Each structure stands twice: as C-alpha cells, then as structure tokens.
Amino acid sequence: MESQRYACVDGEQLDTETAYRLIVGCVAPRPIAWITSVDDAGRVNAAPFSSYNYVATSPPMVAINIARRAVGGATKDTARNIERSRSFVVNVATEAHMELMHRCGQEYPPDVSEAEALGLPLLPSRHVAAPRIALSPVQMECRLDQIVKLGRGVNTLYIGEVVAFHLRDDVFDGHRVDSVRMRPIARLGGPFYAALGDIFERPMLQKPPGGEGWSG
Ligand SMILES: Cc1cc2nc3c(=O)[nH]c(=O)nc-3n(C[C@H](O)[C@H](O)[C@H](O)COP(=O)(O)O)c2cc1C
C-alpha cells in the first residue's frame with residue numbers, strides 16, 4: 001500500500017464550482033429524477049435532477065437538491081413550482097429516452113413548457129397537478145413534505161412523500177420492480193451518463209424495513 005498517494009482537499013472553504021466538480025465525481029453513479037411540475041398557469045415544466053435519492057420508507061419519501069442557477073443565482077422553475085404547488089412527479093429516467101431527458105436540462109424561459117417544446121407525451125396524475133411523462137416506466141407522484149435550506153444558500157433540499165407509484169407492467173410483476181428491465185440511466189461526474197453494468201446477486205443479510213420481500 002506504500003505506493004498509493006492521495007490528494008487531500010479541504011472542503012470547508014471550497015468555492016462552489018470546485019466543490020461541485022469534486023462531489024459529482026465522488027458521488028457517482030447517481031439516479032436521475034426527471035421531474036414534472038406545474039406553474040400557477042398550469043404550464044408543465046420538466047427537468048432532470050441527479051442530486052436525488054429515496055430517504056424514507058414509512059411513508060416512502062424522496063429528496064432532491066435543487067441549486068440556484070449558476071449564472072445570476074435565480075431560483076429554478078422546478079423549485080419555484082414545487083414551493084407553490086407543494087407537489088411534483090418523479091419520472092424515472094431510462095436509457096431509451098436519455099436524449100430527451102438531457103435536453104430538458106437546458107435552460108428554458110419560465111413561460112416555456114419543456115413538455116410542449118419537446119413534445120413529451122404526458123399522462124394525468126391521480127393526486128397532484130403535475131402530469132406524468134408517458135415515456136417513463138415508473139412515475140412517483142409526490143407531495144412536498146419539507147424544504148431544507150442547505151449551507152450558504154446555493155442549495156435547497158426538497159423532500160417529498162410518494163403518494164402514488166405508477167409502475168408499468170413490463171417492469172412490475174405485482175410485487176417487485178425489476179430495476180434491470182427498467183434500464184435506468186445514471187449521471188456520473190462531468191458530461192457523462194452510464195447504463196447499468198454487470199449485475200451481482202448476494203443473499204440479503206438483514207431483514208429489510210418492514211420485513212417485506214424477505215426471502216433469506
Ligand atoms: C442529468 C442532469 C442532472 C441534473 N441534476 C441537477 C441537480 O441535481 N440539481 C440541480 O439544481 N440541477 C440539476 N441539473 C440541471 C437542471 O436540470 C437545469 O438547471 C434545468 O435548467 C432546470 O430546469 P428548470 O428551471 O425548468 O427547473 C441537472 C441536469 C442534468 C442534465
């Protein structure tokens with residue numbers, strides 16, 4: 001082990017750009033929430049977010065970190081819509097529609113609907129105003145639970161309770177979601193994406209929360 005060397009970079013005083021570059025390289029791969037939300041006029045906004053994960057199971061909850069815009073520091077449309085409507089939909093981003101999802105990451109003026117501009121096919125939700133993206137095999141309707149302002153004000157964490165899961169029948173057998181068949185796409189550092197690579201199976205070593213699905 002003697003030949004291994006590490007660079008040590010102190011985190012506390014890092015400028016945002018360097019911190020971003022390092023953290024997105026270190027925390028990878030990240031799942032992508034292709035979020036739909038609506039503004040006060042009912043316009044549908046769609047944008048991808050990879051600073052995202054599930055954070056609770058009772059009830060199911062997800063969290064997304066939305067930064068202020070890098071140039072000018074304005075609030076992103078998704079953040080504003082979530083705060084006003086107190087809801088949103090997470091559409092799972094997959095390999096099949098990577099290009100369209102990626103194009104939703106471009107900055108559109110607030111009065112332009114990405115869904116309309118890119119011709120995204122939509123399906124109505126049951127509990128929230130935002131529609132679902134019909135290209136996605138899994139959509140989660142979310143009600144805003146908490147807003148957590150982080151650090152020096154660049155980032156805000158939006159925690160949402162999943163009030164409905166929509167699971168397409170080619171990826172859901174009534175019991176489990178088949179994440180391999182779902183073919184999720186992940187974000188790496190820089191301009192890179194990744195598909196699922198090798199899949200490994202090992203026995204579960206502990207009861208999962210609630211004990212469901214336990215076969216060990
Ligand atoms: C794959 C991908 C992942 C992204 N992840 C995030 C993220 O986690 N947080 C964030 O603030 N912006 C993220 N962005 C940038 C936003 O999608 C981008 O700022 C977009 O313009 C926001 O749109 P809106 O103003 O319609 O909400 C990501 C972009 C891409 C392409």
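**Exercise 1.** How many residues stand between strand 2 and strand 3 in their hairpin, and which residue in the turn has a positive phi?

*Before you start:* This is a predicted model, in which local features need pLDDT of at least 70, side-chain atom pairs count only at pLDDT 80 or more, and totals for chains, interfaces and linings use all residues. Residues are numbered from 1 along each chain as its sequence is written.

*Solution.* 
Step 1: Find the strands, which are DSSP runs (E, at least two residues) numbered from the N terminus. Strand 2 covers residues 33–38 and strand 3 covers residues 44–49.
Step 2: Check the pairing, which requires at least two DSSP bridges between two strands.
Step 3: Look at the turn. Five residues lie between the two strands, and Gly42 has a positive phi of about 85°.

**Exercise 2.** Are the residues of strand 3 buried or exposed?

*Solution.* 
Step 1: Recall the rule: a residue is buried if 20 or more other C-beta atoms, placed from the backbone, lie within 10 Å of its own, exposed if 12 or fewer, and partly exposed in between.
Step 2: Sort the side chains. In a regular strand they alternate between the two faces of the sheet. Val44, Ala46 and Pro48 point one way, while Asn45, Ala47 and Phe49 point the other.
Step 3: Conclude. Six of the six residues are buried, so strand 3 is largely enclosed by the rest of the structure.

**Exercise 3.** Which strands stand at the edges of the open sheet of seven strands?

*Solution.* 
Step 1: Read the order, 3-2-6-9-10-5-4, with antiparallel pairing.
Step 2: Strand 3 and strand 4 each have a single partner strand, so one side of each is left without a neighbour in the sheet.

Definitions and conventions: Helices (H or I, at least four residues) and strands (E, at least two) are DSSP runs, numbered from the N terminus.
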